[in-house]
Amino acid sequence: MKEALIGIAGLGTVGKGTLDLLTANKVKIETGLDVSIKVKGLAEADQNKFKGLKSLEDCSLYSDAFELLDDPSINIAVELIGGETVAKSFVKQAVKKKKHVVTANKALLAKHGRELFELARENGVLIKYEASIGGGIPIVKALQEGLAANNITFVAGIINGTTNYILSEMEKRTLSFDSALNEAKELGYAELDPSLDIDGFDTAHKISLLASLAFKKYFVFENIFVRGIRGINLTDVEYAKKFGFRIKLMAFTRPVGKQFEITVEPTLIPSKILIAHVDGAMNAVSVSGDFVGHTLYYGQGAGAFPTASAVASDIMDIIRLSSHKTGNFETDTGQSVEKGSLMVGGGVIAREDIISGHYLRLKVCDEPDLSTKITSIFIEYNVKIERFFQESDSDGSISLVLLTGACALRNINQSLERLGQLKRLKEQPVVLRVETEA
Ligand code: HSE
């Protein structure tokens, strides 16, 4: 039987999970491939992480990941170091040494994907990254293969396990934001720097990759609109429920005229639709195509084993493609983006121009004619109020809670600015996006 020699750099949650999977399912994996998979090198800066590993026959241990790349027999380098500095140099060196790369590093690819994929193309190797989006959900494969014949019209997703865990546990157990975050950290879902999760950037890295897969273009990461879940509180979760909605950190991408929407933000979605029931660290990605219609992919979005499942499937894919010589590595580096198709500046539609429904919560002074004044301001800016209730607060003020019809965020912002001039708002209004389909 032929042998594929693997080097794994980074022995954190996913690295360890990958070793466990390759050992536990060795027979299953190799049977289909007719190739024996051997971990030939492991690199980890923290030597303590080598302790307790079951002895890997003939496997070299390195504290420096770059030494692993000096082994010419290793033909697949698995980058699980994370971050954008060492990991980037590691991937570049691996590619230059003609090693295929498997990575779970969404931040790296979202920001430097164009450079890395082009380098891979020049060197005739693949960079595979199924593990970087949605943990174990095979969404890269779905977009690159299963849905390849479609024009993709819409992608919506819950693609960060940590924030979904926090929002669901806040709602289910009336847990505080901080306690829910601590649990997510303990369960191994959160990034080393959890602000990447909470502030929406991890989700943005993933939706940027999904946008490139769906539309075959590179986008400038900085053009993506990102809003995380800080500031979402139980009051809004409860009010959303009264309207029949749940709040989820959603990512969206779709063509809008000649531009593309790529956004990340907490969004009210109807409780009755499937994706609203994706709870805890589970992820879901909904994709619509012109011929296939609506499709939905669901699974564990974070954690050692689901992510390891994706890493291992990429290793298998590379072996399959190389041994059957079906991969045209010159043109298909794993990304299949139109050569040179970088969407600069104008490629991404400004958030203010995106049309959707909105949830508004306004804390105002209790005055007899205020509702009439507010209503006339909304009419002036073409904001239609579809549903409404009000609650008296203990401090004598009133909370007005509204759902608007579809309009651009620009109109909402303009009307709120005018409302501010009335000097009757007691707090900054809460504005959240509302989508009836996802
Ligand atoms: N921190 C990420 C999440 C890990 O919570 O989804 C998986 O990408």
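Numbering starts at 1 along each chain as its sequence is written, and side-chain values use heavy atoms, with hydrogens and water left out. Because the model is predicted, local features need pLDDT of at least 70 and side-chain atom pairs count only at pLDDT 80 or more, while totals for chains, interfaces and linings use all residues.

## Domains

The protein chain is assigned three stretches of structure: domain 1 (2-135 + 304-338), domain 2 (139-299) and domain 3 (351-434). These bounds come from an automatic or database domain assignment. Between domain 1 and domain 3, the C-alpha centres are 51 Å apart.

## The ligand site

Which residues are around the ligand? They are Lys106, Asn160, Gly161, Thr162, Tyr189, Ala190, Glu191, Asp197, Asp202, Lys206, Gly301 and Ala302. A residue is near a molecule if one of its heavy atoms lies within 4 Å of it. By class, the shell holds three nonpolar, four polar and five charged residues. In this scheme Ala, Val, Leu, Ile, Met, Phe, Trp, Tyr, Cys and Pro count as nonpolar, Asp, Glu, Lys and Arg as charged, and the others, Gly among them, as polar.

Side chains also reach polar atoms of the ligand. Thr162 has a side-chain N or O atom 2.6 Å from a ligand oxygen. For Asn160, a polar side-chain atom is 3.5 Å from an oxygen atom of the ligand. Asp197 places a polar side-chain atom 2.8 Å from a ligand nitrogen. A polar contact is a pair of N or O atoms within 3.5 Å; within protein, one must be able to donate a hydrogen and the other to accept it, and residues adjacent in sequence count only if both atoms are side-chain atoms.

On its own the ligand has 260 Å² of accessible area, and the protein covers 92% of that. Accessible areas come from the Shrake-Rupley method with a 1.4 Å probe; for residues, only the protein chains shown count as cover. Helix H7 (161-173) and helix H10 (201-215) are the elements that give two or more residues to the shell. Helices (H or I, at least four residues) and strands (E, at least two) are DSSP runs, numbered from the N terminus.

## Asp199, in a loop

Asp199 sits in the loop between helix H9 (195-198) and H10. Its side chain makes a polar contact with the side chain of Arg230, at 2.7 Å. Leaving out residues up to four places away in sequence, Asp199 touches Val226, Arg227, Gly228 and Arg230. Contact means heavy atoms within 4.5 Å. Asp199 and Ile229 are 30 residues apart in sequence, yet their C-alpha atoms are 6.3 Å apart.

## Burial of selected residues

Buried means under 20% relative accessible area, exposed over 50%, and partly exposed in between (1.4 Å probe, protein chains only).

| Residue | Relative accessible area | Class |
|---|---|---|
| Asp236 | 1% | buried |
| His358 | 1% | buried |
| Leu109 | 4% | buried |
| Phe389 | 15% | buried |
| Asp199 | 23% | partly exposed |
| Lys98 | 49% | partly exposed |
| Lys423 | 67% | exposed |

Asp236 belongs to helix H11 (residues 234-242).

His358 is in strand S15 (residues 355-364). The His358 side chain reaches the backbone oxygen of Ser356 at 3.3 Å. Its contacts include Arg351, Leu402, Cys407, Ile412 and Val434.

Leu109 is part of helix H5 (residues 106-123). Among its contacts are Thr103, Phe117, Tyr129 and Leu209.

Phe389 lies in strand S16 (residues 385-392). Phe389 contacts Tyr239, Lys242, Phe243, Ser399, Leu400 and Val401. Phe389 and Phe243 are 146 residues apart along the chain, and their C-alpha atoms are separated by 9.5 Å.

## Two lysines with positive phi

Lys98 has phi near 65°, a positive value in a residue other than glycine. Lys98 is in the loop between helix H4 (86-96) and strand S5 (100-103). Lys423 has a positive phi of about 60° and is not a glycine either. Lys423 is in the loop between helix H14 (409-421) and strand S19 (430-434).
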